Amino acid sequence: MTDNAKIIVQLRTLVQLTQTEAQIAEVRVAQARTEAVRRELTQNARHAGERTKALTDTLRDLGGVPDVLTPTFGRLAALVKSAVDQTEPLDEALLQDLALENQLVDRARYLKSLATTAELPKVVKLADRLITAHTATVEWLTTVLAEEALGGPSALQATPLQRVAGGASRVINLPARYATRTVNRTVDSVQQNTEQTRSRLSSVTDKAGTFTDAVRETLTSGRNASLQRAEKIARREGDRDTAAAVHETRRDLGALTLEELPIKQYDTLNISESVKAIKDLGQVEDVRAIMAYEETHANRSSVVSAAQTQVATLAKQVVGIS
């Protein structure tokens, strides 16, 4: 096989994979946690379409027969992948996205080697463009996976089916270690003290696997009071594991009191002051606390985006991305 023939084979394969990448980016738009991430993914999908056109034009210039079926196969592959994604946890779906991007990087590098040997500077330039784009996407996906590993919130949200596949949501649902037996024991303690609870903690546990944004909006302050009281009783009884689990649940539901937030007098800060204070937070858990509180109270989009960006910054430090 001549060098040009090998180049044509790689270009055709890259067209198919890039078409798949574009479709996947469009699917991920619906899972974006913030408007900033949504815009970024929308832009990525558009750029992938532009790369597909550049690859197709280059293929035609080299005398390759236009392959009208390849884009169709790319779209079909993306549709199949998006359907399979729903049966897997979010991290597994993202690992597959990462595998696709790494393959695109490797093929782009191979294309550059072939084009360099064949003395085709335009193809070399295209290959460099592909390497830069896909390397950036690899780093982004690696960061999102690190965010997920750190407990989130990650730039992408799991769909309801992915939350079921992956277990309880880290952001909304109760921690897995918060067993029903422990919850019931805590509720019993509350009842023994004859203090009324408007929402039984056990009912929160029953709903733990199915919490949605709509459910969160309808839960009353009675739930927060019940959780806060349960944590207090657990600490009084020396049950540190239960107390920590309830506290984590309260944090992720945005139910911490102002005194418990890692940023003092948070309710008095304007947007710029809030963003600056968030950038000074060095622990993901602290950023999660502020982000959840913000989303359930003022819900200022720029502040939520700043918190998401800070999580990404901390995640990059963990995986060594500058």
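Q: In which helix do D57 and K53 both lie, and how many residues apart are they?
A: In this predicted model, the side chains of D57 and K53 meet in a salt bridge, at 2.9 Å from N to O. The spacing of the two residues is about one turn of the helix. Both residues lie in helix α2, and they are 4 residues apart.

Q: Is K53 buried or exposed?
A: The cut-off for an exposed residue is a relative accessible area over 50%. D57, with a relative accessible area of 27%, is partly exposed. K53 has 54% relative accessibility, and therefore counts as exposed.

Q: Is α2 roughly parallel or roughly antiparallel to α5?
A: Helix α2 (residues 35-61) packs with helix α5 (residues 121-149) at an angle of about 155 degrees, and their axes are 11 Å apart. Angles over 145 degrees count as roughly antiparallel. The orientation of α2 to α5 is therefore roughly antiparallel.

Q: How many residues of the contact of α2 with α5 are nonpolar?
A: On the α2 side, the contact includes V37, L41, R51 and T58. These and others in α2 meet residues of α5, among them V123, L130, H134 and W140. The residues of this contact divide into 4 charged, 2 polar and, for the class asked about, 9 nonpolar.

Q: What is the handedness of the crossing in which α2 passes α5?
A: The two helices pack with their axes 11 Å apart. As α2 passes α5, the crossing is left-handed.

Q: How many residues apart in sequence are the parts that R288 and D252 tie together?
A: R288 forms a salt bridge with D252, and the closest N and O atoms are 2.8 Å apart. R288 lies in helix α13 (residues 284-296), whereas D252 lies in helix α11 (residues 240-252). The pair therefore ties together parts whose separation in sequence is 36 residues.

Q: Are R288 and D252 buried or exposed?
A: A residue counts as buried when its relative accessible area is under 20%. R288 has 7% relative accessibility and so counts as buried. D252, at 4% relative accessibility, likewise counts as buried.

Q: What is the relative accessible area of E294?
A: The side chains of E294 and R300 meet in a salt bridge, at 2.9 Å from N to O. R300 counts as buried at 19% relative accessibility. E294 is buried as well, with a relative accessible area of 2%.

Q: Which residues do salt bridges that share partners join into one network?
A: The count of salt bridges in the model comes to 14. Where salt bridges share partners, one network joins E231, R235, R250 and E260.

Methods: Residues numbered from 1 in each chain as written. Predicted model: local features only at pLDDT ≥ 70, side-chain atom pairs only at ≥ 80, totals over all residues. Heavy atoms only, no water. Axes fitted to C-alpha atoms, helices over the stretch in contact; angles between N-to-C directions. Parallel < 35°, antiparallel > 145°, perpendicular 65-115°, else oblique. Left-handed = near helix turned anticlockwise from the far one by under 90°. Contact = heavy atoms within 4.5 Å. Nonpolar A, V, L, I, M, F, W, Y, C, P; charged D, E, K, R; others polar. Salt bridge = Lys/Arg side-chain N within 4 Å of Asp/Glu carboxyl O. Buried < 20%, exposed > 50% of the residue type's maximum accessible area, 1.4 Å probe, protein only.
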